[in-house]
Amino acid sequence: MEQTKVTYKIYRLTGTSILKSEAAPTCEPKTVECAKEVLKWLRGRGIDARFVAEFPDRFIVRISDDGLPEWFLKSFSEIKPRGVGEVVGFDEGDLLYRFDDMGQSGVPYDVLRYRPYHCPALRRLSIEIYYERHEYWDALKTLFNRHVDQPLREFVELVPKGLKDVSDLEGGDVRLALLSGETLERRIKEIAEMKSRSYNGLSTLQLVNGDKLLGAVGGRGEKYYVANLLSGLLFKAGCIPYYVELPTQTLSIHREHLKLPRALYVGVGLAKAGEEYMKGLAVLMTGHGNVVGYVDKDFHIRGKSMEFLEERELEEFVNEIKAKLESYRSNKPELIVVVRSRKFHIMEWRTLRRNFARHWLRLSSRDLLLMSSYRYVGIGRSRAVEVGRTIVDGGLHGVWLVQLSKFKSAVKVSYFYTGNDATLPLAAYIYLRSLDFTSLTQGRTSLPPVKYARNYLKWLKHMS
Amino acid sequence: MGLWWTRQFRRTVMRGFSHLLDRGLLESCFRELEARLRREEREPCRLALLGWMDFVARAHGGELYRQFRELLPDALGLRRPDGTLLISCNNKLMCNEPKFCLMGYLLCRKRWMEKELRLLAPGTPYARVARVLLGEGDISAECGGRPGSCAIRC
């Protein structure tokens with residue numbers, strides 16, 4: 001395994017020996033105010049650190065070549081990371097990708113070899129390709145013939161269509177537009193309007209910068225380029241390109257992880273939509289990765305906060321999500337996972353839990369997980385560390401840092417969970433990440449339903 | 001009760017093809033399936049082969065069935081080094097994952113597992129395997145089909 005330099009370590013303020021120094025802060029260690037004081041004091045002594053807002057006695061410290069002074073090590077104890085597999089019971093390399101024709105693989109790139117796991121079009125899938133310049137179509141055809149295996153070429157039919165005007169792209173079925181960089185820039189508003197009209201949790205219009213496509217031909221990454229494009233197109237056409245299978249050890253180690261394939265994932269994105277409002281968008285996705293709907297709502301902005309602190313508005317939002325869930329109920333999700341990039345506030349946890357509880361959580365085996373994830377600092381590849389965990393009303397609240405094998409830095413996973421297994425949010429992060437059919441790149445850190453919601457909000461911005 | 005059940009089972013599974021209950025034929029069919037299983041790496045195909053081995057071993061009964069039950073946990077990769085099983089027949093979460101549900105059904109034969117298997121999305125690889133295990137389908141051509149020595153219809 002490739003070794004990378006560990007640049008940050010996690011420490012817990014344990015002793016009071018730091019306070020023996022005259023200039024040291026004398027405050028209650030587990031408060032944010034104290035953490036700020038300690039931080040200032042550490043920085044004054046040349047130690048680059050930050051504290052974890054959810055657990056203010058935990059500090060993330062940058063390790064310099066000189067190491068840390070002795071006095072520091074007397075007052076802080078390290079929370080050591082462990083291997084991801086050791087912590088979770090599996091890591092991303094243990095997941096198996098299952099295709100049709102009994103195909104299976106350890107990597108999603110075999111989407112180029114096998115037919116999709118499940119597809120509404122049983123015999124042949126036709127995808128219209130609108131090209132602005134003929135050479136874009138030629139390039140796509142070359143890449144497709146070079147990298148896509150015969151069984152899949154027989155299944156997916158690319159239907160070329162010359163593009164007369166951008167307005168030709170209007171329509172319902174999945175279609176791919178090969179446009180020049182110049183057109184994409186100049187006609188952005190019209191394109192954004194068409195993208196948003198084609199949206200149903202996912203846009204059925206796939207755009208590709210034709211100039212970049214030409215650049216991809218002959219390059220080292222052309223196989224990966226085609227795999228990403230094909231997987232995204234199959235997904236937008238309603239197929240599940242591959243089924244992600246949990247490893248056998250899940251049966252005995254962390255049984256709660258078995259809820260993941262039958263969970264319902266709600267990815268939330270937020271974007272400012274004017275001076276006083278922000279738009280909240282929730283994309284609903286199954287544990288197999290297919291999008292089953294979306295809900296949007298405008299929220300009042302209070303100060304700089306981007307959290308759902310207006311209880312009534314949040315309740316309305318949850319009610320709309322629940323109405324959508326009704327149509328999905330026959331599949332009985334064992335777990336509802338609400339994901340976004342920004343961490344959840346304790347008030348949001350209380351409101352969401354209460355609202356979902358009325359409907360879902362009274363059933364004994366149902367659980368609710370609120371989870372946020374975003375890029376943080378490097379802790380070493382294939383490592384995970386539990387920064388902290390505490391018990392809150394009706395569940396667990398905690399923070400993990402996880403750096404998968406191809407990540408440049410760790411991802412911070414902050415969660416609230418009604419179940420018992422604190423490793424579930426971490427397992428959910430790894431599992432959910434693998435369901436992103438629009439990007440197969442191993443270094444990706446974003447999670448699919450959140451990414452789909454944010455992509456839509458990004459296009460809305462172009463319309464204003 | 002045991003003998004009655006075995007007779008009923010044979011009658012049901014074999015649907016009156018009593019002439020095929022030749023124990024020698026059944027054994028050669030079983031051995032061929034076993035040989036195929038040793039070469040097969042694709043999980044759904046392995047499960048389909050084991051499904052047929054299960055039918056044949058039950059129809060044969062006696063020592064062959066005992067041997068099959070003995071090899072099953074290892075063939076499924078469900079035996080821990082200490083000999084205990086990774087699977088618990090009462091773990092209902094198991095059927096959230098189609099592969100585990102199929103494995104569980106082979107080992108435990110629970111009615112609720114059968115119901116879960118019938119709910120698998122039609123047309124998916126594991127739904128096709130589920131039909132084999134439930135006695136409603138054959139080993140698919142992708143998995144090499146049924147061996148010639150297993151001319152038993154179900």
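Chain B exposes about 7,400 Å², of which carbon and sulfur atoms supply 53%; accessible areas here come from the Shrake-Rupley method with a 1.4 Å probe, and for residues only the protein chains shown count as cover. This is a predicted model, in which local features need pLDDT of at least 70 and side-chain atom pairs count only at pLDDT 80 or more, whereas totals for chains, interfaces and linings use all residues. Residues are numbered from 1 along each chain as its sequence is written, chains are lettered from A and ligands numbered from 1 in the order in which they are written, and side-chain values use heavy atoms, with hydrogens and water left out.

**View 1. The helices of chain B.** Chain B holds seven helices and zero strands, its elements running α-α-α-α-α-α-α from the N terminus on; helices (H or I, at least four residues) and strands (E, at least two) are DSSP runs, numbered from the N terminus. Of the 154 residues in chain B, 53% are buried, where buried means under 20% relative accessible area, exposed over 50% and partly exposed in between (1.4 Å probe, protein chains only). Among contacts in chain B between residues at least 6 apart in sequence, 56% join residues at least 24 apart, a contact being heavy atoms within 4.5 Å.

**View 2. Disulfides of chain B.** In the disulfide of B:Cys95 and B:Cys101 the sulfur atoms lie 2.0 Å apart, and the link is right-handed, with 75° about the S-S bond. B:Cys95 is buried at a relative accessible area of 3%, and B:Cys101 is buried at 2%.

**View 3. The disulfide of A:Cys119 and A:Cys239.** The sulfur atoms of A:Cys119 and A:Cys239 are 1.8 Å apart and form a disulfide. This pair links distant parts of the chain, 120 residues apart: A:Cys119 belongs to the loop between strand E7 (104-105) and strand E8 (125-131) of chain A, and A:Cys239 to the loop between helix H9 (222-236) and strand E12 (243-245) of chain A. A:Cys119 and A:Cys239 are both buried.

**View 4. Helix H9 of chain A.** H9(A) has 15 residues and reaches 21 Å from its first C-alpha to its last, close to the 21 Å expected at 1.5 Å a residue, the expected span being 1.5 Å times one less than the number of residues. Twelve of the 15 residues of H9(A) are buried, so this helix is largely enclosed by the rest of the structure; among them are A:Val226, A:Leu230, A:Leu234 and A:Phe235. Just after H9(A), A:Gly238 takes a positive phi of about 95°.

**View 5. Helix H7 of chain B and its cover.** Seven of the nine residues of H7(B) are buried, so the helix is largely enclosed by the rest of the structure; the buried residues include B:Pro125, B:Tyr126, B:Val129 and B:Leu133. Their cover includes strand E6 (96-98) and E12 of chain A, together with H3, helix H5 (98-108) and helix H6 (111-118) of chain B. H7(B) is followed by B:Gly135, whose phi is positive, near 80°.

View 6. Leaving aside neighbours within four places in sequence, B:Leu50 is in contact with residues including B:Leu37, B:Phe68, B:Leu72 and B:Leu106.

Note on methods:
Disulfide = S-S within 2.5 Å.
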